[in-house]
Amino acid sequence: MPSSKCEGHEKLYAELDSYINSVKDQPGVLINVLHRAQELFGYLSEETQQHVAEKLNLPLSQVYGVVTFYNFFSTKPKGKHQIKVCLGTACYVKGADRVLDRLKEELGVDLDEPTKDGDFSIHAVRCLGACSMAPVVLVGERDFYGKVTPDEVSKIIEKYKEE
Amino acid sequence: MRKPITILVSIDSNSILLGARHFKNYLINRLEHYNLTELVDVLETGSLGRYDQGVLFLLLPDNKMYGIKDTNDIELFVEEQLLKGRPVKELIVEEIQTPKSVEAKKVTEEERIVLKRAGKIDPKNIEEYIAFDGYQGFAKALEMKPSEIVNELKASGLRGRGGAGFPTGLKWEFTMNVNAPEKFIICNADEGEPGTFKDRLIMEGDPHSVIEGMLIAGYTVGASKGYVYIRGEYFESVDNLRNAIAQAYEYGLLGENILDSGFSFDLTVRLGAGAYVCGEETALIESIEGKSGRPRLKPPYPPVKGLFQKPTVVNNVETFASVPAIVLKGAEWFKSFGTPSSPGTKVFSLCGNLVRRGIVEAPMGTTVADLIFKYGGGIEGGKMLKMVQTGGAAGTFIKADEINIPLDFDSFKNHGASLGSGVILAIDDSHCAVDVALNLMEFFAHESCGKCTPCREGTRLIVNILREFSKGRGTLEMLDNLYDIAYTMQNSAFCGLGQSVPVPLTSILDRFRDEFEAHIGADTCPVGVCRFDKKKKKARK
Ligand SMILES: Cc1cc2nc3c(=O)[nH]c(=O)nc-3n(C[C@H](O)[C@H](O)[C@H](O)COP(=O)(O)O)c2cc1C
Ligand code: SF4
Ligand code: FES
């Protein structure tokens, strides 16, 4: 569990520390470090933020300020698979809202709340720079789906359930 | 040594969604099956900007372009074209005929400037870049005096491609003339403008052109350190650029005493974290310093006081990628493209309800109509064009009957249509102006950084009013109110984000006033898009 450093977590912290040590002499690396931390932990808990602040010798308030300013960072655990729907204008005029509605219906949740089993959460995001493939859905950090129709939604969800 | 036949597979962040990676592996598997691996090389290349014909395979030396939609197409391609030497006509992609517009010179494929190499070379291999004129602009720059480079750039008329169109030569001159021990070069690759994906495809298809532009900038202004600030979500761009930087170090094109010139330059990638306002140059600088990306008060401007309070040149990806060719071929050559006030070419991102969505490089001064109908293939699904938003989120909306406007840096002043970052977002007649405006304004309300009241409160109020309209509860006073808020924001918002929100808002209100009014007191949305609040309607009756 996030609050106590279990064995798995210790390994992740060790990995984070080795990254921090490799960059800590460069000015202004906080954001790159937070990127790495979120990649490792999935989100930035208070404990993780505290850890980063100590390692970089920064006040916790500054770390917290930065974490809450940027959309990319999350302070709360999200679903194991985060489904991001682009609502940028180019996707919107290609029916992104209908894709979003179908997702909410299929998973029975609203935006930004994890499903009961914690497997999924849905998020609305801005343009992802793949506008020629609109509407675009991103699962996790790297799995992009283009030209998504509402009817394809369940197929996409299914793929991640099997794992 | 290359094998007799080469197949270049166009792999970029957009084509991956069409299955490019999978098709490449499948192709290799088929080649092994037919024992063709000794004869045929399969390489990756960047974006050709087209996605309507599937994943593009460029066959060399025949110079035939194949559009692959599924694995059956690959079977056909291998069996017919490769084994029997018979071209498969139905899979061959026709080149788009480049339109001639009145003022603009025709650009044929060979005359592309920024996208010259994208889709032709392996972006992961520095040697291919070098074989294609790569780093020659930089080598020539090292023989020139910095002031000569500035003069060449000023004479070329190159203006920033990030949206504001500030003359690049002038910007560099400011920084060159400041006497400071430390200066910086920053490449703005935050690309958050909805509908824009050109910078991403430049970085994925030709990353060294950006590095070369930044090197020339560093040498010119006397900076020895550079940052590329890339959107965190742009994994492929980050990977390609990091790889290109590592190769440039290996070849002695970055680091200490480059090519024995005495000039040293270091380059690092920094990741953005998803805030649109960080594309604004001073907010971006704050973000590189590791802080929240809220804009700074200007002046002082970055060329004088920027990163860590040192003189800093901030330019867009496409701007840097334009520089090497100008230094190499000269200002006169560059000015032979485009219009007198906006020379050169522009990379446009075509999106929305178009048949062919993608990127295209066209001369400055190309009309919106040509971009939509000749390059974009017109409106899909037999629908009619209703409106076009040009320039990005902060750009103008124009109506279908206004599209003969030539796009360059003066077209906003002359015709009320912005060039901005080069987005052409076509919207068909199944969409409602109120709904489109609401979606866009929700974006601004979300991205307002909250530093100043006119923008933080203004965007919130605008969204509230537009929501009322979309529920059938709008009034004429509310329309006036929108104009008042727009006026206030334009005049008192702290940074470019808040100041520019009125541009799309008032342009859509002006042009679709009748549609907004038709939502007032009506029973249903005139276009059938907005879902009116039923309860409210009963109450009124
Ligand atoms: C809200 C806002 C967002 C911006 N986003 C970008 C961006 O994503 N990319 C970019 O190059 N310029 C962006 N700009 C413009 C930059 O502030 C700056 O003018 C530009 O990077 C200068 O480069 P250029 O002269 O080469 O165009 C943005 C400006 C504002 C106000
Ligand atoms: S105009 Fe908007 S984005 Fe700019 S400083 Fe003010 S609140 Fe922030
Ligand atoms: S608007 Fe959705 S990817 Fe650009």
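Predicted model: local features only at pLDDT ≥ 70, side-chain atom pairs only at ≥ 80, totals over all residues.
**Notebook: chains A and B**

I started at B:Asp52, whose side chain makes a polar contact with the side chain of B:Arg50 at 3.1 Å. For polar contacts I used N or O atom pairs within 3.5 Å; within protein, one atom must be able to donate a hydrogen and the other to accept it, and residues adjacent in sequence count only if both atoms are side-chain atoms. B:Gln53 also has a side-chain polar contact with the side chain of B:Asp52, at 3.3 Å.

Residues are numbered from 1 along each chain as its sequence is written, chains are lettered from A and ligands numbered from 1 in the order in which they are written, and side-chain values use heavy atoms, with hydrogens and water left out.

**More on B:Asp52**

I placed B:Asp52 in the loop between strand E2 (40–45) and strand E3 (55–60) of chain B. Helices (H or I, at least four residues) and strands (E, at least two) are DSSP runs, numbered from the N terminus. Leaving out residues up to four places away in sequence, B:Asp52 touches B:Lys69, B:Val355 and B:Arg356; contact here means heavy atoms within 4.5 Å. I also checked B:Arg357: it sits 305 residues from B:Asp52 along the chain, with 7.1 Å between the C-alpha atoms.

I found a cis peptide bond from B:Leu60 to B:Pro61, omega near 5°. B:Pro61 is in the loop between E3 and strand E4 (64–68) of chain B. Another cis bond runs from B:Pro299 to B:Pro300, with omega near 0°, and B:Pro300 is in the loop between helix H10 (281–288) and strand E8 (312–316) of chain B. B:Asn35 has a positive phi, near 55°, though not a glycine; I find B:Asn35 in the loop between helix H1 (20–33) and E2 of chain B.

**A helix pair in chain B**

Next I looked at H15 (433–447) and H19 (502–511) of chain B, which pack at about 170° with axes 11 Å apart. Axes are lines fitted to C-alpha atoms, for helices over the stretch in contact, and angles run from 0 to 180 degrees between N-to-C directions. So H15(B) is roughly antiparallel to H19(B) (over 145 degrees by the rule). From H15(B) the contact uses B:Ala433, B:Val436, B:Ala437, B:Leu440, B:Met441 and B:Phe444, and from H19(B) B:Pro504, B:Leu505 and B:Ile508.

**Chain A against chain B**

I see seven helices and four strands in chain A. How many residues of chain A are in contact with chain B? The count is 39, against 56 residues of chain B. Together they bury about 3900 Å², 55% of it on carbon and sulfur atoms; buried area is the accessible area (1.4 Å probe) that two parts lose on being put together, summed over both. A:Phe69, A:Val93 and A:Arg126 lose the most area in chain A, together 19% of what that side buries.

I counted three salt bridges between the chains, with a Lys or Arg side-chain nitrogen within 4 Å of an Asp or Glu carboxyl oxygen as the rule. B:Asp239 and A:Arg142 form a salt bridge at 3.7 Å, N to O.

Terms used
Parallel < 35°, antiparallel > 145°, perpendicular 65-115°, else oblique.
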